[in-house]
Structure formats: C-alpha cells, structure tokens
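Dear colleague,

I am passing on to you the structure that I have been reading, together with my notes on it. Please look at it for yourself before you go through the notes below.

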Amino acid sequence: MDAVYGGVLLLVGALLMLSTFDPRYQGFGIGSDVSPMFFPRILLCLWLTLSTVILVRGLRAPADGWPRQMKARAAGVIVAVLACTWAMTVVGFLLAMIPCFMIVSVLLGYRRPLPILALGLLVPILTWFVFTTIIEVFLPTSPWFDLI
Amino acid sequence: MEYLAPAFSLLATPATLIAVLIGTVVGIVVGALPGLGTVVALTVCLPFTFSMGQAPSIALLLAVYCSSVYGGSISAILINTPGTPQSAATCLDGYPMAVRGEADLALGWATAASVFGGLFSLVVLVLAAPQLAAVALQFGPIETFALLVFSLTCIAWVSRESVVKGLLAGTIGLFLAAVGPDPMSGDIRFDFGIFQLSAGLQLIPVLVGLFALAEVFVRAAEPAPEGEAVVARVGFRLPPLRAWRPYLKTLLRSSGIGSFIGVLPGTGAAVAAFISYAEAKRSSPRGAAFGTGEPEGVIASEAANNAVTGGALVPTLALGIPGDAATAVMMGTLLLQGITPGVRLFVDNPDLVYAAFLSLL
C-alpha cells in the first residue's frame, strides 16, 4: 500500500508543480521580491521528495499481506464518497445521500435489506431535518424541488 | 481573579448549564461506542454551536471533550474494545477485572481516576495558561516563527513510526493553506478556475473531512473485530476512600504525565495513557500484577488520559497551537465564534477564558 500512496502522491505533486508554471501565474508578484508561487514550489519540492521516498520504500518492502477484499472494500468506499460528494452538487444533499448511505452500508458488509433501507432513508432525512430546520445550516438542494 | 465573577455569570445561564449537561451525556455515549472517538463526538456537536452563543458553545465542546475521553473506558472495561484510542491502555487491566466479576469496581476506579486527572490538569491549566500568555505577549515575529517551526517539528516527533509520512502529511497541510488568496499580494493561487476555491479552503470542512471521513475509510479497510461475550457484574461501585491510599502516588504521577504531555502540541491522550501505564508498571510494587486485573493499571491509564484535557488547552488557548486533534476541532469552533486563540486571548476575552476553566470544573 505504501507504493500506492507514494505513487499517487508523487503524481499529484508533479501535476501541482507543473501547474505552478502556468502562464496565468507569470504576472503574479510584480513589484515583490519573490512571486507568490515561491513558497508553494518549495513545499511541492518537499512533497515530491518525500513521496518518492515512500514510493521507493513501498516497492522494496515485502507485500503487506492486506487481503484483496479489504483493499477493494476501502477503494469502493472512497469512490462512493467521492461520487456522493459530486452528486450532492448536482441533485442536492438528500437525493445524493440516500443511495450513498445504502451503497456504503452494502460495501461495509451489511446484508440485511430492511435495516439498510430503513436507515438509508431515516438517517439522511433526519440529518437534513436537523441541519435545515433546527440549526438552519442549509444543505445543497436539488434543481427539481425547492425544499430538498 | 477579578474575572471570576463575570465568568461565573457567563456560566450560570440555563443555556450554558444545559449545554454542559448535554455535552457530558453525548460525550460519554459517543466515547463509549467503539470506532467513533473524541474527535467524531466534537465534529458531530460542532454544527450545533453555529446557533449558540460563545459561552454555551465552548461549554458544550469542553463537556464533550472531557466526557468522551472517560466514556472510552466503559467499552474498554466491558467488552475489551476501547471506545476511544485514549482508552486502549485501560483494556489491559480493566477487562481482566470485568472477567473476574469486578466490572462495577473497574468502572468506579476509572471514574474516580478520570475525575482526579481532570481536576489536576485544570489546576495546571489555570496556573500555567496565564503565565504562558504573559510570556506570549512578549513574542515578536522571530519568536512566532520559532514557535511555528517548533510546532511543525512535533510532526516528526509524534510520527516516529514513519517520520517520512508524518512530514509529508505536514507538507500537504501547509500546501492546502496556500490554496486561495496570497496573504501578501492577494493573488489567487491553485483555484484551477473553480470559484469555490478562490477564497481558499476553510478550516472546519478540512478538519471534518480529514478526521471523520478518514475514520470511515480506515474502518472500511479493517476486518470486523472479533470479540467474546463477557459475563460480568455490570454496574457502578466507587472504591472506598481507604482503598485510595496505596494508589495515591500513581494517581499523582499519572496526572502529572498526562498534563505535561497534553501541553506539548501534536501529542495526544493515547500517548499519555500508555506512557503513564508503562511508568506505573515499572515503578509500582504491584507491577508484576499489571495485565491481570490490577486496579492500578486502570488508574494510571485513566488519570493520564483525562489529565491531557486540561493540559492540551494550555497551548490551544495561550498560543493558538492545538494540543491534539480534539483541541484542533475546538479551535475551529472558537474561530467560528469570533474568538481568536493565542497571545491576546487572555487580554481580549478574559471572562470567556475563566468561564471555560469553570465549565471544565
């Protein structure tokens, strides 16, 4: 897993470093001793160095013995959460969270349909209710309904 | 001392007292549920503070913080699964006591030690925080920079298992702070054309995402824990006063260890609990009995982990550096309420600071 972490972080760091040379940032910091990109580039150099070290150590280390099923489950939950986050901006909090809750429950190993359905409806609705009506922190709404 | 009366008047409102009560109950319940923990308890209560005043919201979070640390000992003793990471060391002797039919006494010892540790660290907080704040007022840019470097080096100190990963995490954190407007020139960095990023990343969503979601991912990656049912006399029995005498030294030493470790930025109560347990095992005449249901093991762990609560507030309130992850979330709440922890807090909001001390009591 360290090899995966190191590789992904190395790739992300490299892309971010590349983005600091975007023509858009060339006009930044006129009149200053250093550009606003100076400090982020130092951080990104550190980022690239450290993620390379993790990647190399991960490749040289023996297999971690982590069951494939666990890796798949963790990856599935991460993908589900990311998809849910994106879906919230499109269809609103409630319509995104209800299926997401059920999907994550199944991914975590729960198999009884009735509790999954019941909690998948109850928890997001209760959360939406508490946030919207009690503490008045309004959650993303869907484009089709005013309330939810 | 002249701020005690206004602090007491801030605390003695129905809203604040109800907040303390609710925070205590919520903290104990969430702390007792394995897999949630102090940070999740604080994160869950945090949105409710948006519509509360300053004093009730601080009181709520402090109550949740202290009681969740204690609540972890309940599941640690009864089902050998710590409710919070801070209570992991309590399993070592608390569970054997429960198996032996002394679950009620183990819970009593855990409660008594937690109360003592919490009160001890409150004294440390009341005495040390103003002194530290007085020194902090002398801080100039050079001293502030040195403090920042010190707090960042703590990342390497606490991530001894993998210093490289700890340093990378710190680097990523510093980079995330660079997203948005540059504080000197105002130029917007790393927004990638996304309007919502043009103002930068807000502390609270990053904290919630980091701690709460990370916990979900870690749980998804771990196999379900296997445990065995315990037949034990579950109840609550406070130990008699005369039973305290052999353990007074351990109680004081563990509380001191917890308070000291809590003051250090970047550490946590789990570290304090294990160090205290190891030290008690090394120095106690009953050391050989540790791990078989010796009450001193429960005392050492619980006194230390609750003593961290007050100690962790010293750098948080006086210097604006969170003592652990939980105080990092609390600092976010203080910022939301318009209170800036740090060198000027004791000067600008002294009544609020003393109200926080009183609500810890």
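**What was found**

In this predicted model, α4(B) and helix α13 (residues 325-336) of chain B pack with their axes 10 Å apart and at an angle of about 170°. Angles over 145 degrees count as roughly antiparallel, and α4(B) and α13(B) are therefore described as roughly antiparallel to each other. On the α4(B) side the residues that meet the partner helix are S57(B), L61(B) and Y65(B), while α13(B) brings A326(B), M330(B) and T333(B). Sorted by kind, the residues of this contact between α4(B) and α13(B) are four nonpolar and two polar, with no charged residue.

The largest core has 88 residues, and the members that touch the most others in it are L42(B), C45(B), L61(B), V64(B), I77(B), A106(B) and A113(B). Helix α4 (residues 54-79) of chain B supplies the largest share of this core, 15 residues. If residues up to four places away in sequence are left out, A106(B) touches I77(B), G94(B), M97(B), A98(B) and V298(B). There is also a second, separate core of 11 residues, which includes L94(A), F101(A) and W128(A) as well as A220(B).

Chain B contains 15 helices and two strands, and of its 361 residues 51% are buried. Among the contacts in chain B with a separation of 6 or more, 72% are between residues 24 or more positions apart. Chain A has five helices and zero strands, so that its pattern, read along the sequence, is simply α-α-α-α-α. Of the 148 residues in chain A, 19% are buried, and residues 24 or more positions apart account for 61% of its contacts with a separation of 6 or more.

As to confidence, chain A has a mean pLDDT of 84, with 90% of its residues reaching 70 or more. Among the elements of chain A, the highest mean pLDDT, 91, belongs to helix α2 (residues 38-60), and the lowest, 84, to helix α3 (residues 68-91). Where pLDDT is low, the predicted coordinates should not be read in detail.

How do the chains meet? In the contact between them, 24 residues of chain B touch 28 residues of chain A. On the side of chain B that touches chain A, the elements that give two or more residues are α8 (163-177) and α9 of chain B, and the largest share, eight residues, comes from α8(B). That side of chain B is made up of 17 nonpolar, three polar and four charged residues.

Most residues other than glycine have a negative phi. F190(B), however, has a positive phi, near 55°, and F192(B) also has a positive phi, near 55°. F190(B) is placed in the loop between β2 (188-189) and α9 (203-221) of chain B, and F192(B) lies in the loop between β2 and α9 of chain B. Are these two residues buried or exposed? F190(B) is buried, because 21 other C-beta atoms lie within 10 Å of its own, whereas F192(B) is exposed, because it has 10 other C-beta atoms within 10 Å.

Finally, here is one residue from each chain whose neighbours can be followed in space. V124(B) sits in helix α6 (residues 103-136) of chain B, and it counts as buried because it has 22 C-beta neighbours inside 10 Å. V124(B) and V263(B) are 139 residues apart in sequence, yet 9.6 Å apart in space, C-alpha to C-alpha. Not counting residues up to four places away in sequence, V124(B) touches S259(B), G310(B) and G311(B). In chain A, Y25(A) is found in the loop between α1 (2-19) and α2, and with 18 other C-beta atoms within 10 Å it is partly exposed. Y25(A) and M37(A) are 12 residues apart in sequence and 7.8 Å apart in space, C-alpha to C-alpha. Leaving out residues up to four places away in sequence, Y25(A) touches T20(A) and M37(A).

With kind regards

Key: Residues numbered from 1 in each chain as written. Chains lettered and ligands numbered in written order. Predicted model: local features only at pLDDT ≥ 70, side-chain atom pairs only at ≥ 80, totals over all residues. pLDDT = per-residue confidence, 0-100. Helix = DSSP H or I, 4+ residues; strand = E, 2+ residues; numbered from the N terminus. Core = buried A, V, L, I, M, F, W, Y, C linked by C-beta atoms within 7 Å. Buried ≥ 20, exposed ≤ 12 C-beta atoms within 10 Å, placed from the backbone. Contact = placed C-beta atoms within 7 Å. Nonpolar A, V, L, I, M, F, W, Y, C, P; charged D, E, K, R; others polar. Axes fitted to C-alpha atoms, helices over the stretch in contact; angles between N-to-C directions. Parallel < 35°, antiparallel > 145°, perpendicular 65-115°, else oblique.
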